[in-house]
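Dear colleague,

With this message I hand over the structure that we discussed. Please find the sequence and the model below, followed by a summary of what was found.

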Amino acid sequence: MAAQSKIKASEIIEPGDDDAVALAKRHLVQPWPYAGSVGNEARALIGEGDGIYITDASGKRLIDGPAGMWCINVGHRREELAKVMYDQAMALSYNTPWYTMNAPSAELAKRIADAAPGDLSHTFFTTGGSSAVETALRFMQFYNNVRGRPEKKLILSRGGAYHGSTYLSASLNGRPRDRDWMDGADDLVVKLSSPDPFRRPKGMSTAAFTDFLVDQFRDTVARVGADRIGAFVGEPVQASGGVIVPPDGYLKRIREICRENDILYVSDEVVTGFGRLGHVFASGDVFGIDPDMITFAKGVTSGYFPLGGVIISERLLEELRRSNHPDALFGHGLTYTSHPIGCAVALKNLDLLEEGVLQHAREIAPYFQARLKTLEELPLVGEVRGLGLMACVECVADRESKDPLQLDKDVGKRIDAHCHELGLLVRPLINMCVMSPPLIISSEQVDDMVAILREGISRTMDDLR
Ligand code: PLP
């Protein structure tokens, strides 16, 4: 490792001895801990949020660069959302979804069907993204069982993918390191390449790379057998894999191969749905595809309540209704499906999106991308890429060869630490920093964000000298 940096990557975000942090260290398990520090990984304590900002325990105000976890789409502290949750809790805080239903869930399902592409007509609500993907996969299994095709269950997924942390959804994950120490249903999953143009083979044009990806998909279907493959699951833009924007036309071609081979196309819009790309759903409005199912979560409530869902095509439901097994049971349910508070806040959130936030996101996105792109002037930065209000700064050891940095340089963590000191929360992913601020960000705030990121990267370059 280069000369010990002036700053240890974890130093700034290392919590002080606030009571909550001390308690957390004793009793709380945070997500993605390492074995050596499990149960002792308390991170910076955040006390408040307001608009695009959060404030940490020391009183430092930070731009919420990742919008929580890609989710605070309409911003923190929206009184309209708080009020609707209070009112709904006072009216009806919960109902038994097996035997009864509530009005907000029905109204929300209708609004979602109106916004969704193709014939996606019905929504099953879940508690988040993992349970949405899990539901879509279990539905595919049930659907093929009812159709008398019990062999048609394999799932195609790609390198760089992230689809969740339940057993089956996590089995689809393709990011480096996610699965190294974890088990999965590997016999159910077939992996394909990530559609990452930055990492395409040297000397290959983007058009040739797209053909390569499509050929690989078609060849895999032929090799494995369409009669054994039930679904393809893909994010329109691979989010946690480093904001991988697929090459033009790729998704449409994959969609067609799925249609030709009776493979269900599941578009995982947990990140891209509800405004991140300027539309309620990106599958139709941005990429021109009509999936068989769309999964969503996060932005549906702007993170104010844990809610997700899977939207299912009318064609599939009609096939089940007409099947030879009308009393086959889809044995799948969640206590908190169609939660009235979650659905009520999602309805209000959708109002806010449709009354201006989506349009603002579409208008500010080119500026956001262009300003971030200027960071490519820095020698450590290999590429800045993105779409809508999601972007990734990928750092490299060498810009010409695109060689990745050694992991022990902890570049992402260093940038994160410097930016935290300077007033910006970033989401480090090994050697990448992902930026996905609340959609209400102004152009001046984009300038502030990029200026801090530039300084954070410059300081990191000083550390590594
Ligand atoms: N799908 C995608 C594309 C995601 O990015 C995520 C989470 O980041 C999930 C699914 C899982 O969602 P959750 O964490 O709400 O279970």
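Helix α7 passes helix α8 in a right-handed crossing; a crossing counts as right-handed if the near helix is turned clockwise from the far one by less than a right angle, and as left-handed if anticlockwise. The two helices pack at an angle of about 15°, their axes being 10 Å apart. This makes α7 roughly parallel to α8 (angles under 35 degrees count as roughly parallel, over 145 as roughly antiparallel, 65 to 115 as roughly perpendicular and the rest as oblique). Axes are lines fitted to C-alpha atoms, for helices over the stretch in contact, and angles run from 0 to 180 degrees between N-to-C directions. From α7, Thr210, Leu213, Val214, Phe217, Arg218 and Val221 meet Tyr250, Arg253, Ile254 and Ile257 of α8; contact requires C-beta atoms, placed from the backbone, to lie within 7 Å.

Please note that this is a predicted model, in which local features need pLDDT of at least 70 and side-chain atom pairs count only at pLDDT 80 or more, while totals for chains, interfaces and linings use all residues. Residues are numbered from 1 along each chain as its sequence is written. Helices (H or I, at least four residues) and strands (E, at least two) are DSSP runs, numbered from the N terminus.

Which residues of α8 (residues 250-260) are buried? They are Tyr250, Leu251, Ile254, Arg255 and Cys258. These residues cover an arc of only 130° around the axis, which puts them on the same side of α8; the arc is that of the directions from the helix axis to the C-beta atoms. Lys252 and Glu260, on the other side of α8, are exposed. A residue is buried if 20 or more other C-beta atoms lie within 10 Å of its own, exposed if 12 or fewer, and partly exposed in between, with C-beta atoms placed from the backbone. The buried residues of α8 pack against α7 (206-224), β7 (229-234) and β8. After the helix comes Asp262, with a positive phi near 55°.

The seven-stranded sheet

Strands β7 and β8 belong to an open sheet of seven strands, ordered β4-β10-β9-β8-β7-β5-β6, with mixed pairing; two strands pair if DSSP finds at least two bridges between them. Since β4 (120-126) and β6 (189-192) stand at the edges with a single partner strand each, one side of each is left without a neighbour in the sheet. On average, neighbouring strands of this sheet are turned by 20° against each other, direction ignored. Within the sheet, β8 (residues 264-268) pairs with β9 (residues 293-296) in the parallel sense over three bridges, and Asp268 stands opposite Thr295 in β9. Helix α4 (residues 103-115) lies across β4 and β10 (308-313) and runs at about 135° to β4.

Strand β3 (residues 61-64) and β13 pair in the parallel sense over two bridges, with Leu425 of β13 as the bridge partner of Asp64. Leu62 also lies in β3 and is buried, with 22 other C-beta atoms within 10 Å. Beyond its neighbours within four places in sequence, Leu62 is in contact with Tyr53, Ile54, Asp56, His420, Gly423, Leu424 and Leu425. Leu62 and Glu421 are 359 residues apart in sequence but 8.9 Å apart in space, C-alpha to C-alpha.

β12 (residues 390-395) runs antiparallel to β15, joined by four bridges, and Met435 is the bridge partner of Ala391. β14 (residues 427-429) is likewise antiparallel to β15, through three bridges. The two form a hairpin with two residues between them, and Ile430 in the turn has a positive phi of about 55°.

Finally, α12 (residues 411-422) and α13 (residues 443-464) pack at an angle of about 125°, with their axes 8 Å apart. That makes α12 oblique to α13. α12 passes α13 in a right-handed crossing.

With kind regards

Terms used. Two residues are in contact if their C-beta atoms, placed from the backbone, lie within 7 Å.
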